[in-house]
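This report concerns a predicted model.

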Amino acid sequence: PEVNALAFDGTRTPLLDAVSRALDDLTGTPLSGVVVLTDGAETGVAGDGRPTVGDRLAALRARGVPVHAIGIGSARLSPDLELSDPEGPRETLREATVLWDLVIRHPGLRNVSVPVVVEDSGRIVLQTTVRLAAKADATPVRLRVPAVDAGARLMTIRVPVQPGERASDNNARRLLLTVHDRREKILYVEGEPRPELKFARRAVDGDRQLQLVTLLRSAQDKYLRLGVDDSLELMNGFPTSRAALFRYRAVVLGSIEASFFSGEQLRMLADFVSERGGGLLLLGGRDAFADGGYAGTPLAELMPVEMERRGGDDARRVTAVAAVATPEGLRHPALQVAGTDSLNARRWRTLPALTTVNLLARPKPGATVLLQGRLSQGGAVRPLLVAQPYGRGRVLALGAQDDWRWQMHASIAVDDSTHERLWRQMLRWLVHDIPDQVELFTDPVSDPGEAVRLRVVVRDSAFARRAGATVSATVSGPAGERPLVPFDAAGEREGEYVASFVPETTGLYEVRVRAVQGRDTVRASPRAVHVAVSDAEAFGVERGDALLEALARETGGKTYTPERALDVARDLVYSRAGATSVRRLDLWDAPLVLLLLLATLGAEWVLRRRRGLA
């Protein structure tokens, strides 16, 4: 269509996809290159299973056609204020505090205070004031948002428009937060009665979203079971099958020696983390870590620290350690024991010392030290609390044997909740984003009239992928509930199924999936999809020079400013791409070539004549 006929009413700019489609339309045509006039915005739909920007650039490079980009627009919009997309969880348990990190870009607006407001479906749940940086154009912000109400919550983070701003639509970010109201089941195994167990259970008792099931060895082959669902649970001690163990979302190991478990149970625990995706918390004690004989076992590999065994009796091994929070620890969800960053840092500086009989050695690559332990003797520093991702799951190692002192020490006030909050935060972090037996993946946001893609992964009770399931779903939206056509098996990977639906109107949709395997019916956690007109075009309105340079570099093209736009025609002449022209001429229309050919033939005849060959 003519440029003047364009409506410019789209909600996204899929720049790289548009270039790819143009090349598809010109397949078979010899091209010197493609010229793109653009501001460099790339707001195409991204999400589960879709190619990344890097993948799409690689695909354009493989076509062998240079792309020349003429950048339109301003490289710097000032003054302006823009919020980045928040980083942090999009799902959480009820009564949690969600930590979101974002950046406020503010070229032309420095050293001023601005209010930041967080709304839950129009209701203000958080309001704070941020002082913008005085010597930079960007200020990082951390928000602590309370998740009080269960269900899919439409959240808005907003900063009021400031005087003189060049753009106003980029002052708010909207996102979908799913708050689950369910109890996460955690297995705590302890080898001996000790205060640690008592105070851990007391800390969790007030959290309705956590169920701490305890297996305490009270004597040889005798166990005390607490928090079980029925009389059969853990009746024979620690689970002996993957299905029984994988029912839990996390496992806590106290002071319990490795020989308590069989070799198969130790391998199951390692698979519980790496394959099932569960969380594992390792506590200090006289029979923990190296002192419990875990070196060389399947659990040694997933421990986030190297183990070090110390000689001597228990009394001589006890070492006092003062906990020192690292910068990474102060930002970690597990260590948020106060309402603000400053109060949280102050609380960690004032907690009393603990004791340990397990000196943890250096952390492994990929592990993060959250707490350092400063030894009372010599002042050396050892890791005290270390986190590490492992496979699909995560691991926490706490070297102290008596963190309950943070509840009962003489310097701790009676109403101080530091210890309870620490335990609840650690366990909530361990069970966050733990995979279900049936998982549903979809994009949380969709444009009206655009198909919403659904992908389901089905596993059996041992969390092995299984084909042959019958998968179906129902979708609840503004117009009510409707059934979905059954899912089709995806050919790429076993146990995966795909489907899609087209939302009829804007609003909030809830997708519920069930999978039938033989006589078993398993349901996935419901997912919400917010269907609304995309506001992606309101962000990144400055010229995207980085993407334009990458596009030109990857395809062999060049970038131009509007002032140098006419240079494109000159550079296309020297393109190495497949634009060629063949011109046929008769010899008598090229006299120089004809004379050269006759001279060559004459010289050859003279040479042959002298040699007697003619």
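In the predicted model, Glu119 faces Thr156 of strand β9. Strands β6 (residues 113–120) and β9 (residues 151–158) are paired in the antiparallel sense, over four bridges.

The two strands belong to an open sheet of five strands, ordered β4-β10-β9-β6-β7, with mixed pairing.

**Salt bridges**

The count of salt bridges in the model comes to 46.

| Pair | N to O distance | Accessibility, one partner | Accessibility, other partner |
|---|---|---|---|
| Glu95 and Arg208 | 2.1 Å | Glu95, 39% | Arg208, 54% |
| Arg153 and Asp149 | 3.9 Å | Arg153, 17% | Asp149, 28% |
| Arg267 and Glu264 | 3.3 Å | Arg267, 43% | Glu264, 40% |

The side chains of Glu95 and Arg208 meet in a salt bridge. Glu95 lies in the loop between β4 and β5 (96–105), and Arg208 in the loop between α3 (195–205) and β12 (210–219), so this pair ties together parts that are 113 residues apart in sequence. Glu95 is partly exposed, whereas Arg208 counts as exposed.

Arg267 and Glu264 both lie in helix α5 (residues 263–274); because they are three residues apart, about one helical turn separates them. Arg267 is partly exposed, and Glu264 is also partly exposed.

Arg153 is buried, since its relative accessible area of 17% is under the 20% limit.

Helix α14 (residues 591–610) comprises 20 residues and reaches 29 Å from its first C-alpha to its last, close to the 28 Å expected at 1.5 Å a residue. Just after α14, Gly612 adopts a positive phi of about 75°.

Leu595 is located in helix α14. With a relative accessibility of 57%, Leu595 counts as exposed, because this value is over 50%. Together with Leu597, Leu598 and Leu601, Leu595 makes a nonpolar surface patch of about 390 Å².

How values were computed
Residues numbered from 1 in each chain as written. Predicted model: local features only at pLDDT ≥ 70, side-chain atom pairs only at ≥ 80, totals over all residues. Heavy atoms only, no water. Expected span 1.5 Å × (residues − 1). Pairing = 2+ DSSP bridges. Patch = residues over 30% accessible without salt bridge, like charges linked within 9 Å, V, L, I, M, F, W, Y side chains within 5 Å. Areas by Shrake-Rupley, 256 points an atom, 1.4 Å probe, with all protein chains shown as cover. Salt bridge = Lys/Arg side-chain N within 4 Å of Asp/Glu carboxyl O. Buried < 20%, exposed > 50% of the residue type's maximum accessible area, 1.4 Å probe, protein only.
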